[in-house]
Amino acid sequence: MMLKFVLMVTKQGQTRFSHYFESKDLKDRPPLEVDLARKIRLRTADQCSFFDYQDYRIVYRFYHNILIITASDAEENQVTVLEFIQLFMEALHTYFSPVDFSPFCSQTEIDIMYNLDKIHMVLEEIVINGCIVETNITNILEPLTLMDQKR
């Protein structure tokens with residue numbers, strides 16, 4: 001599996017988090033992110049959550065007020081990418097809300113804005129060079145847990 005990038009975008013289209021696994025010129029990123037968010041917001045509820053865009057296979061999923069967008073190779077299995085998105089969000093939810101078992105709440109966007117470094121760490125524990133290497137949430141969160149214990 002080769003992921004190209006992961007984005008977290010608000011319903012209003014503002015990018016809150018981006019992580020690129022391949023080289024992409026900095027000036028090309030914002031127009032790409034805005035265009036993708038616009039295209040996804042224009043899709044209807046009865047359309048599937050993946051489509052081809054330029055050289056990418058885009059897979060997305062809404063979590064309360066956050067839109068998670070991933071781009072992968074065009075040959076990539078969409079269900080596998082959806083499972084990755086689910087794993088990523090479960091890991092974040094487990095870390096940021098260890099006591100609260102409710103679905104993602106409006107706190108999610110605030111957690112993203114003030115903890116970008118931790119979100120990058122979680123993603124980098126799951127994905128290395130665009131390939132998924134870890135799927136166990138306990139193993140994914142172990143470096144953050146150790147870091148928190150040292151504080």
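What is the relative accessible area of F96, and is F96 buried or partly exposed?

Analyst: First, keep in mind that this is a predicted model. F96 has a relative accessible area of 22%. Buried means under 20%, so F96 counts as partly exposed.

A search of the whole structure turns up seven aromatic pairs. One of them joins F5 and Y56, whose ring centres are 5.4 Å apart, with 80° between the planes, making the pair edge-to-face. F5 belongs to strand β1 (residues 3-10) and Y56 to strand β4 (residues 56-63), so this pair ties together parts that are 51 residues apart in sequence. Both partners are tucked away: F5 is buried with a relative accessible area of 0%, and Y56 is buried too, at 8%.

Now back to F96. Its ring pairs with that of Y95: the centres are 5.1 Å apart and the planes stand at 80°, so this pair is edge-to-face. Y95 is buried, with a relative accessible area of 14%, while F96 is partly exposed.

Helix α2 covers residues 78-96, and its axis comes within 10 Å of that of helix α5 (residues 137-150), crossing at roughly 35°. The crossing is right-handed. On the α2 side, the contact is made by L87, E90, A91, T94 and Y95, and on the α5 side by I137, I140, L141, L144 and D148. That gives Y95 a part in the helix contact as well as in the ring pair with F96.

Let's pick up the other pair again. F5 and Y56 form one aromatic cluster together with Y20.

From Y56 we can follow β4. This strand is mostly covered, with six of its eight residues buried. On one side, β4 runs antiparallel to strand β3 (residues 50-53), and four bridges join the two. Here F50 stands opposite V59. The hairpin of β3 and β4 has two residues between the strands, and Q54 takes a positive phi near 50°.

β4 also pairs with strand β5 (residues 66-72), again antiparallel, this time through seven bridges. Y63 has I66 as its bridge partner, and Y60 has I69. These strands form a hairpin as well, with two residues between them, and H64 in the turn has a positive phi of about 55°.

Stepping back, the strands make an open sheet of five, in the order β2-β1-β5-β4-β3, with antiparallel pairing. β2 (15-20) and β3 are the edge strands, each pairing on one side only. The twist averages 20° from one strand to the next.

Two helices meet this sheet. Helix α1 (residues 29-42) lies across β1, β2, β3, β4 and β5, running at about 140° to β3. Helix α4 (residues 116-126) packs on the sheet too, touching β1 and β2, and its direction makes about 35° with that of β2.

Conventions:
Residues are numbered from 1 along each chain as its sequence is written. This is a predicted model: local features need pLDDT of at least 70, side-chain atom pairs count only at pLDDT 80 or more; totals for chains, interfaces and linings use all residues. Side-chain values use heavy atoms; hydrogens and water are left out. Rings of Phe, Tyr and Trp (its six-membered ring) pair if their centres lie within 6.5 Å; planes under 30 degrees apart count as stacked, over 60 as edge-to-face and the rest as tilted. Buried means under 20% relative accessible area, exposed over 50%, partly exposed in between (1.4 Å probe, protein chains only). Two strands pair if DSSP finds at least two bridges between them. Axes are lines fitted to C-alpha atoms, for helices over the stretch in contact, and angles run from 0 to 180 degrees between N-to-C directions. A crossing is left-handed if the near helix is turned anticlockwise from the far one by less than a right angle, and right-handed if clockwise. Contact means heavy atoms within 4.5 Å.
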